[in-house]
Amino acid sequence: MKSLIWNSDETIEIVEKEIPKILNDDDTIIKVTYSSICTSDLHIVEGLVPKAVEKTTLGHEFVGIIVEKGKNVKLKIGDRVAVNCESFCGKCFYCKKGYVNNCENGGWLLGCSIDGGHGEYVRVPFSNYTLTKIPKNVTDKNALFVGDVLSTGFWSAKLAEIDKNDFIAIIGAGPVGLCCALCLKYFGANKIILIDVNDFRLDVAKKEGLADFIINPNKKDVINEILKLTKNRGVDRVIEAAGAKNTFEMSWKIARANAIVVVPAMYEENQILPLPIMYGKNLTFKTGGVDAFCCEYLMKLIKNKKISTDFLITNEINFDNIIEGYHFFKNNKDKCLKIAVKY
Ligand SMILES: NC(=O)c1ccc[n+]([C@@H]2O[C@H](COP(=O)([O-])OP(=O)(O)OC[C@H]3O[C@@H](n4cnc5c(N)ncnc54)[C@H](O)[C@@H]3O)[C@@H](O)[C@H]2O)c1
Ligand SMILES: [Zn+2]
Ligand SMILES: [Zn+2]
């Protein structure tokens with residue numbers, strides 16, 4: 001079968017690999033129908049993810065059909081499923097608390113340290129926990145982001161512990177920032193400020209009803225604009241979903257005293273937390289990799305048409321063109337949000 005791998009010289013290539021086999025009773029083999037490319041895939045190729053293993057098949061955002069299963073798996077052969085970006089055992093100390101990102105027996109494996117969804121077939125471990133059945137009235141494309149970017153938005157929105165009248169600033173209107181806004185809107189937020197240097201993405205946020213206010217830092221002074229909106233206080237909640245050079249600094253500067261600052265962004269460099277300067281501001285920071293354990297719930301929201309991530313798909317390509325897809329995704333943020341890759 002064809003698989004997309006990465007090399008330590010930052011190149012990607014399609015190679016032939018064996019179709020994976022069941023290794024454990026909880027495994028399934030999934031025939032991928034659609035996948036997407038994630039910013040974290042680009043981070044792997046650039047060598048920025050220490051635990052990523054060279055020549056592993058990339059891809060951790062995908063949906064498909066169960067074609068083989070181990071004897072403990074409850075779902076059936078032929079079921080259409082969304083695959084969780086994290087493989088977690090459901091039984092260890094962290095899993096029992098819902099902190100599945102730190103599962104003692106798993107974590108982020110697919111497309112990182114074991115072969116992922118940018119191949120035609122994938123072995124998925126812990127399938128009773130990491131697969132979500134796609135209901136009849138939900139298409140594969142409708143469900144494509146449940147296991148990764150939508151889960152990240154939902155988790156970040158939850159960590160923000162909002163009141164619906166809070167002023168919430170989201171830095172970065174990429175797929176993660178937009179999914180944060182989508183989930184915050186679902187929670188009833190009515191004062192969302194989307195901040196991005198990219199007008200195309202801000203326009204999408206406005207058009208989809210995900211932003212009540214938008215600020216482009218290249219055109220307006222972010223701090224001044226935020227102070228004007230918030231009676232000189234700063235925002236009640238911040239979600240930093242940009243991960244750029246100056247956006248961590250922006251995140252605590254625009255927060256009011258006692259605010260919660262959620263940081264799903266992953267940085268390429270260390271960030272500075274100047275505690276003496278912010279002493280007395282009493283901020284709470286929450287950060288890390290998504291605990292993606294709410295996929296059943298998110299699938300239900302999609303099924304019941306409470307939320308939809310379809311607007312994120314700006315491009316569709318065939319798997320044969322995935323290398324071009326990676327380059328397009330990386331270099332065209334002014335016209336591309338997410339690519340659906342068809343197999
Ligand atoms: N925590 C997790 O589990 C998790 C999961 C998925 C992605 N991520 C991370 O979340 C981040 C966002 O992911 P994404 O796919 O939306 O990425 P993205 O690159 O598509 O979006 C980032 C956005 O930030 C904007 N931006 C850049 N510089 C800016 C600035 N100075 N001011 C305002 N906006 C600026 C960009 O224009 C872009 O629209 C990435 O760092 C990604 O690695 C984390
Ligand atoms: Zn991802
Ligand atoms: Zn576990």
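Me: How many nonpolar, polar and charged residues has the shell around ligand 1, by class?

Reply: The shell around ligand 1 has 15 nonpolar, 12 polar and three charged residues. Ala, Val, Leu, Ile, Met, Phe, Trp, Tyr, Cys and Pro count as nonpolar, Asp, Glu, Lys and Arg as charged, and the others, Gly among them, as polar. The model is predicted: local features need pLDDT of at least 70 and side-chain atom pairs count only at pLDDT 80 or more, while totals for chains, interfaces and linings use all residues. Residues are numbered from 1 along each chain as its sequence is written, and chains are lettered from A and ligands numbered from 1 in the order in which they are written.

Me: What makes a residue part of the shell around ligand 1, and which are the closest?

Reply: A residue is near a molecule or strand if its C-beta atom, placed from the backbone, lies within 6 Å of it. For ligand 1, 30 residues surround it, and the closest are G172, G174, A242, G243 and A244. The elements that give two or more residues to this shell are α1, α4 (149-159) and α5 (175-186). Helices here are DSSP runs of H or I with at least four residues, strands are runs of E with at least two, and both are numbered from the N terminus.

Me: Why is ligand 1 said to lie between domain 1 and domain 2?

Reply: Both domain 1 (2-148 + 291-342) and domain 2 (151-287) give residues to the shell around ligand 1, so the ligand lies between them. The domain bounds come from an automatic or database domain assignment. Taken over C-alpha atoms, the centres of domain 1 and domain 2 are separated by 27 Å.

Me: How many residues does the contact take from domain 1 and from domain 2?

Reply: Domain 1 gives 22 residues and domain 2 gives 16 residues; two residues are in contact if their C-beta atoms, placed from the backbone, lie within 7 Å. On the side of domain 1 that touches domain 2, the elements with two or more residues are α1 (39-45) and α10 (295-303). The largest share of that side, three residues, comes from α1. By class, the side of domain 1 that touches domain 2 has 10 nonpolar, five polar and seven charged residues.

Me: Why is β11 called largely enclosed?

Reply: Six of the six residues of β11 are buried, so the strand is largely enclosed by the rest of the structure. Buried means 20 or more other C-beta atoms within 10 Å of a residue's own, exposed means 12 or fewer, and partly exposed is in between, with C-beta atoms placed from the backbone.

Me: How do you know that β11 pairs with β12, and in which sense?

Reply: Two strands pair if DSSP finds at least two bridges between them. Four bridges join β11 (residues 235-240) to β12 (residues 255-263), and these strands run parallel. V235 stands opposite A255 in β12, and the bridge partner of I239 in β12 is V262. Four bridges also join β8 (residues 168-171) to β11, again parallel; A169 has V238 in β11 as its bridge partner.

Me: What makes β10 and β13 the edge strands of their sheet?

Reply: The open sheet has six strands in the order β10-β9-β8-β11-β12-β13, with parallel pairing. β10 (213-215) and β13 (284-287) each pair on one side only, the mark of an edge strand.

Me: In which sense do β3 and β4 pair?

Reply: Strand β3 (residues 28-36) and strand β4 (residues 62-69) pair in the antiparallel sense over seven bridges. The bridge partner of I30 in β4 is I66. Three bridges join β4 to β5 (residues 80-83), also antiparallel, and G64 has V81 in β5 as its partner.

Me: Why does T11 count as exposed?

Reply: T11 has 10 C-beta neighbours inside 10 Å, so T11 counts as exposed. T11 is found in the loop between β1 (2-6) and β2 (12-16).
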